[in-house]
Amino acid sequence: MKNKYTYVWVSLIILIFGIIFIPRIIDRVKGGTVVENDRINVKDNNGDLAFVMLNGKKRRVPSFEFLNQDSLLISDKDYEGKVFVAEFFFTSCPSICPIMSKNLVEIQNEFSESENFGIASFSITPDYDTPRVLKEYAERYGITDLDWHLMTGDKTKIYDLANSGFNIFAAEMPDAPGGFEHSGLFALIDKNGYIRSRVDEFGNPIVYYRGAITEEAGENDEGEKQQITVLKVDIKKLLEE
């Protein structure tokens, strides 16, 4: 009888749990609060791209102001009304930056006719990457778009913009190639300054796009697929919004 009563009580507890808590869990899943906050994506009204969220709010590019390769003061205001791609790089990078720059030049050429498209490249070695050095780098890689700004400035502000503003990792690391470590990711920003993303085939957010794999290569040594092709498609979507 004791086992029978125990079974009844356990069943009753399970039933009560299901009635009270399961609907709440479902609501949390629908609301996205079960996922890590800075990785949540909520689909927009068109069901295409998503807004990257942080603490329940659409993640927006924070304000910034730096010198570009022409020694002009450039801020987030210069990108208002434009779709743009943002990256963090450095001109003396011996590893992934040349690949990233090549990919961005391809994207630049793809959207050369669009007045509403731009690129923001922030140097993580601003002490070395002066406007003159950035200008030489731009000329070497064929950077011609007037809305592609290679920026330098206060190191603390740049690293804060990378790690807190965009949540794209960048740090000084003596053992890393070139003495600095960064993720090689591209962020896609819409005309209103919101970071946007697509979701993968499983419904999980991409959040950022792999910038260090070319379309030609297809994938890297770890088997990660290139995302430049989908980035081009998503830029077109945002330009049409």
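Me: In which loop is Asn167 found?

Reply: The model is predicted, so local features need pLDDT of at least 70 and side-chain atom pairs count only at pLDDT 80 or more, while totals for chains, interfaces and linings use all residues. Residues are numbered from 1 along each chain as its sequence is written, and side-chain values use heavy atoms, with hydrogens and water left out. Helices (H or I, at least four residues) and strands (E, at least two) are DSSP runs numbered from the N terminus. On that basis, Asn167 is in the loop between helix H4 (155-166) and strand E9 (170-172).

Me: Is Asn55 buried or exposed?

Reply: Buried means under 20% relative accessible area, exposed over 50%, and partly exposed in between (1.4 Å probe, protein chains only). Asn55 has a relative accessibility of 57%, and therefore counts as exposed.

Me: What is the phi of Asn55?

Reply: Asn55 belongs to the loop between strand E2 (50-54) and strand E3 (57-58). Although Asn55 is not a glycine, its phi is positive, at about 55 degrees.

Me: With which side chain does the side chain of Asn68 make a polar contact?

Reply: Asn68 lies in the loop between strand E4 (65-67) and strand E5 (73-75), and its relative accessible area of 2% makes it buried. A polar contact is a pair of N or O atoms within 3.5 Å; within protein, one must be able to donate a hydrogen and the other to accept it, and residues adjacent in sequence count only if both atoms are side-chain atoms. At 3.0 Å, the partner of the Asn68 side chain is the side chain of His149.
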